[in-house]
Amino acid sequence: MLLVCGLAAGAGAAQYRGKTAIAHRGASAYAPEHTAAAYRLAIDQGADYVEQDLQITKDGRLVCLHDLTLDRTTNVRDVFPGRSRTVEREGKAVTGWHVSDFTLAEIKQLDAGSWFDAEFKGEKVLTFDEAIGLVKGRAGLYPETKAPEVYGSLGFDMERLVIETLSRHGLAEPGADAKTPVFIQSFSAESLKKMRAMGLRLPLLFLIGEQDADTWLTRQRLKEIRAFADGIGPAKGIISARPEIVAWAHEAGLSVTPYTFRSSGQPAGQTVRDEMRRFLYAFGVDALFTDNPDQFPRR
Ligand code: G3P
Ligand code: CA
């Protein structure tokens, strides 16, 4: 496995020890995302890190869910049929069962497994605390602050909650547990800057979607990113279109960890293992997010 101290890293790849597999929402090709089943399988399949997307409940608890709403990955429609609500996000109306409208006790009543396969009936939404308990000592953690500005507008401080939770588990300092390195990620530069300003020394990954590539991925802007992050996490299409970005990032002292590699949707004649191999050994990325950690090519 991995990690050296984040802030002191010179070359980008220095935050990792060798090519690194991050299980995207757990082993989410094979088990319902962000459940105990998906996290355990990811560890069994040899993932170096297990990812947690984080949301906040009405009573201020961090839970592991990708979406701001519960409807895609739980049976919330059946359990709480009258609790859907429309809110405005970035000028658009979003209708659904919002995580922030439900207490943890309510969310724990939901089935987070059956939508994926009846075999997983009864899987629960995990708290970040529970996720740490499952993963600690067996792999690294890769939490993402999701929509921190939305939760900020509701009076929550997501960054503080993340740091406090990691601290309770003795994981808020680089190298605190050699078996459980922690890398924190966000699409929000402000969220990463805030955690640095709070004194956090763990390595930080700045996620960059296709829509933000032109803004951030110049040689000069990469140097600016290095002031608040240790690595970049670009959408994989950005790297396949412009592989020179990997060398630019490394020159700036940033590791490169693209997302997301999965068996579904591969073109005829290509496997996800082939695709990951090309990114790791032809383009030279340091790590990647994959739904299929069992297919990660160590060489
Ligand atoms: O965090 C890496 C990757 O997971 C970003 O995409 O939308 O799956 O969180 P998303
Ligand atoms: Ca994510």
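Predicted model: local features only at pLDDT ≥ 70, side-chain atom pairs only at ≥ 80, totals over all residues.
**View 1. The calcium ion (ligand 2) and its donors.** Glu51 (OE), Asp53 (OD) and Glu144 (OE) coordinate the calcium ion at 2.1 to 2.3 Å. Donors here are N, O and S atoms within 2.8 Å of the metal, or 3.2 Å for Na, K and Ca; water is not among the atoms, so sites may look incomplete. Along the chain, the donors follow the spacing E-x1-D-x90-E.

**View 2. Angles around the calcium ion (ligand 2).** Why is the arrangement irregular? The 6 donor atoms subtend angles of 60 to 156 degrees, and that makes it so. For six donors to count as octahedral, opposite ones must be over 155 degrees apart and all others between 65 and 115. As a reminder, ideal octahedral angles are 90 or 180 degrees.

**View 3. Packing of the chain around these sites.** Buried residues make up 57% of the 299 residues. Take contacts (heavy atoms within 4.5 Å) between residues at least 6 apart in sequence: 66% of them join residues at least 24 apart. The C-alpha atoms fill a box of roughly 55 × 45 × 40 Å along the principal axes.

**Notes.** Residues are numbered from 1 along each chain as its sequence is written, with chains lettered from A and ligands numbered from 1 in written order. Local features need pLDDT of at least 70, side-chain atom pairs count only at pLDDT 80 or more, and totals for chains, interfaces and linings use all residues, while side-chain values use heavy atoms, leaving out hydrogens and water.

Notes:
Tetrahedral: all angles 85-135°; square planar, octahedral: opposite > 155°, others 65-115°. Buried < 20%, exposed > 50% of the residue type's maximum accessible area, 1.4 Å probe, protein only.
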